[in-house]
Amino acid sequence: MLKIFSTQVSGLLKAISDKEEQSVEEASRLLAHSVLSEGTVYFKGFGEMGAVVSEALFGENKFRRGAEFTNENIDGLLPVDSVVVASRFIDDEKAVAFCEKLKQSADCHVILMGGRRKEAESEGGSVAAADIVIDTKAVRGLVPLDDGSRIGFPSGLTALFAYYALFLTTEEILEEYDEE
């Protein structure tokens with residue numbers, strides 16, 4: 001089972017690297033703009049995606065000007081701020097409603113990370129609710145069982161990989177400005 005899981009996870013991480021490169025680059029430019037403009041980069045995670053918030057704020061490589069988003073922050077959001085929202089799926093009702101509320105309340109950048117289910121591709125709600133959507137590629141368990149079910153759903157793992165793609169790309173952009 002572990003061999004199957006590890007092979008499948010490798011494929012998901014490669015798909016994020018290959019297919020989400022443009023979204024990561026665009027999101028990183030927005031995040032770098034927030035940092036350079038002395039804005040705040042807020043992180044909000046739904047469910048197990050609190051791991052992304054923890055990594056951004058308490059990990060070895062903390063995000064510059066990063067902070068956890070709380071309900072008290074919504075009235076103080078500035079146009080130079082950004083909010084990174086992580087959820088299991090990009091069409092998660094709570095996450096989409098949260099993004100819509102942010103867009104209505106403040107003129108800040110909203111980046112949504114999560115898996116894109118096939119039915120989510122046609123709905124478009126999450127796309128309209130966020131400036132940029134990053135697909136974490138995790139939509140189901142990866143290891144098939146004899147009864148047809150699947151286990152090993154790596155949503156947190158792929159979200160952390162997407163976070164690191166954002167972190168590293170943003171740092172690369174900020175280094176260019178630090179050198180000038």
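**Figure 1. Aromatic pairs in the predicted model.** A search of the whole structure finds 11 aromatic pairs. Rings of Phe, Tyr and Trp (its six-membered ring) pair if their centres lie within 6.5 Å; planes under 30 degrees apart count as stacked, over 60 as edge-to-face and the rest as tilted. This is a predicted model, where local features need pLDDT of at least 70, side-chain atom pairs count only at pLDDT 80 or more, and totals for chains, interfaces and linings use all residues. Residues are numbered from 1 along each chain as its sequence is written, and side-chain values use heavy atoms, with hydrogens and water left out.

**Figure 2. Phe-43 and Phe-63 form an edge-to-face pair.** Their centres are 5.4 Å apart, with 65° between the planes. The pair links distant parts of the chain, 20 residues apart. Phe-43 sits in strand 1 (residues 41–45), and Phe-63 in the loop between helix 3 (50–58) and strand 2 (66–68). Helices (H or I, at least four residues) and strands (E, at least two) are DSSP runs, numbered from the N terminus. Phe-43 counts as buried because its relative accessibility is 1%. Phe-63, at 5%, is also buried. The cut-offs are under 20% relative accessible area for buried, over 50% for exposed, and partly exposed in between (1.4 Å probe, protein chains only).

**Figure 3. Phe-63 also pairs with Phe-167.** The ring centres lie 6.2 Å apart and the planes meet at 65°, so this pair is edge-to-face. Phe-167 is in helix 7, 104 residues from Phe-63. Ring pairs join Phe-43, Phe-63, Tyr-163, Tyr-164 and Phe-167 into a cluster.

**Figure 4. Arg-65 and Lys-137 have positive phi values.** Most residues other than glycine have a negative phi. Arg-65 has a phi near 55°. Its place is the loop between helix 3 and strand 2. Arg-65 counts as partly exposed because its relative accessibility is 40%. For Lys-137, phi is about 70°. Lys-137 lies in the loop between strand 5 (132–135) and strand 6 (143–144). At 18% relative accessibility, Lys-137 counts as buried.

**Figure 5. Four Glu residues form a negative patch on the surface.** They are Glu-172, Glu-175, Glu-176 and Glu-179. Like charges are joined within 9 Å, and the place of a Glu charge is taken as CD. Glu-179 belongs to helix 7 (residues 155–179). Its relative accessibility is 68%, so Glu-179 counts as exposed.

How values were computed
Patch = residues over 30% accessible without salt bridge, like charges linked within 9 Å, V, L, I, M, F, W, Y side chains within 5 Å. Areas by Shrake-Rupley, 256 points an atom, 1.4 Å probe, with all protein chains shown as cover. Salt bridge = Lys/Arg side-chain N within 4 Å of Asp/Glu carboxyl O. Lys, Arg positive; Asp, Glu negative; His and termini not counted.
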